[in-house]
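Please read this note with the model open beside you. It takes up one topic, the way in which two parts of a chain meet.

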Amino acid sequence: MTIQQLKITNFRNIASADIYPTAGVNLLVGENASGKTSILEAIYLLSMVRSFRSKKIKSLIQHATEQFTVFGSIAAESGNSYSLGVQRHQQSADTEILFRGQKPAGVAEVTAALPVQLINPDAFRLLEGSPKDRRQFLDWGVFHVEHSFIDCWKRFQRALKQRNSLLRHGRIDQLEMSLWEKELSENGEKITALREEYLTSLKPLFAELLDKFLGLDNLTLSFQRGWDKNVDLVESLFLSRTKDREQGFTQAGPQRADVRVAVNGYTAMDILSRGQQKLVVSALKLAQGALLSQARGKQCVYLIDDLPAELDKQHRKVFCEVLEKQSGQVFITGVDAEALAEGWLNPDSISWFHVEQGQVSPKPHLGSE
Ligand SMILES: Nc1ncnc2c1ncn2[C@@H]1O[C@H](COP(=O)(O)OP(=O)(O)O)[C@@H](O)[C@H]1O
Ligand SMILES: [Mg+2]
């Protein structure tokens with residue numbers, strides 16, 4: 001997927017912007033608070049219909065205006081182009097989406113059409129955050145590669161909710177409980193198999209990238225499915241009914257899965273430097289994009305907020321080379337144009353944009369000024 005045109009209206013500090021990014025690397029340069037992250041946020045919004053900065057989507061509406069609109073013209077790998085618009089009005093209860101001129105069945109349809117990977121300071125959560133952060137990472141990948149996942153996921157969530165609500169009832173209807181446990185475990189086992197399979201496919205791509213970035217060959221990813229290794233999910237649920245009732249919720253299952261990232265047996269986050277962590281996290285995200293391209297022939301859009309931060313010159317260079325060689329579209333922000341200009345193999349193919357007080361304009365290449 002490539003964003004050919006991006007039009008932003010009344011979004012954060014951007015009153016109006018209309019840019020035509022290149023299919024390769026796009027660099028957004030500007031001072032602090034000029035609106036760089038807001039542009040990445042607008043692209044992320046097109047894919048996820050939410051922000052990575054605010055829970056409240058209304059906070060994205062430019063102050064003293066009524067509504068924001070983000071519009072993208074997207075080129076698919078098939079050669080077709082389509083339009084995608086996301087709009088939110090102050091007074092409205094919903095965010096409106098228009099995909100190929102129509103209201104989509106759900107957000108998942110839009111997300112599937114425009115896979116976006118974000119590498120920003122929050123991406124460290126993949127290592128230092130909770131298992132939920134790692135499950136979200138894993139499930140992003142499974143969702144985009146395996147189309148049966150979303151249905152299993154919805155059914156699983158519904159059954160989990162039902163079981164949790166039954167656990168809090170005074171008297172449990174054993175038959176109803178068994179039925180929900182059956183539904184929960186059937187879908188839970190499928191989700192788990194898909195996650196395991198996905199991680200197995202991801203590992204070699206991740207290892208290759210990590211080798212380029214760091215040469216940390218003793219770093220391992222291991223999947224923990226969320227319940228006792230020795231029993232099926234249905235059995236585990238049955239055996240833990242009493243304990244779960246005491247707690248009032250289902251304690252074991254895929255909703256507790258995790259991916260452990262370790263170096264020589266130690267949790268990665270405890271021993272790696274900040275720069276190393278950034279590269280591990282970036283390798284994980286780039287590997288997801290590479291796998292999507294390999295498995296589905298779809299390209300990912302990468303949003304990289306402040307590339308130079310935490311990286312020395314040598315590692316920035318490797319990072320730039322990897323970004324240039326992979327096939328997805330890339331948007332990178334930075335404060336310092338010179339730091340951003342370094343390290344590219346093919347600087348002439350890069351598009352520059354200057355961001356200043358919410359205005360975005362194409363900028364001549366550094367060096368050609
Ligand atoms: N809803 C809003 N309306 C107007 N301005 C906003 C809104 N939300 C945030 N801002 C302002 O937008 C500016 C741009 O922020 P940001 O995109 O984070 O800049 P950068 O990434 O370039 O440092 C900030 O000064 C922020 O205060
Ligand atoms: Mg920023």
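The points below go from the division of the chain to the make-up of the interface.

1. This is a predicted model, in which local features need pLDDT of at least 70 and side-chain atom pairs count only at pLDDT 80 or more, while totals for chains, interfaces and linings use all residues. Residues are numbered from 1 along each chain as its sequence is written, chains are lettered from A and ligands numbered from 1 in the order in which they are written, and side-chain values use heavy atoms, with hydrogens and water left out.

2. The domain assignment gives domain 1 (1-115 + 299-369) and domain 2 (123-297), with bounds that come from an automatic or database assignment. The centres of the two domains, taken over C-alpha atoms, are 29 Å apart.

3. In domain 1, 19 residues are in contact with 21 residues of domain 2, where contact means heavy atoms within 4.5 Å. Together the domains bury about 1,600 Å², 73% of it on carbon and sulfur atoms; buried area is the accessible area (1.4 Å probe) that two parts lose on being put together, summed over both. Of the area that domain 1 buries against domain 2, Glu 310, Phe 319 and Val 322 supply 31%, more than any other three residues.

4. Across this interface the rule finds 0 salt bridges, a salt bridge being a side-chain nitrogen of Lys or Arg within 4 Å of a carboxyl oxygen of Asp or Glu.
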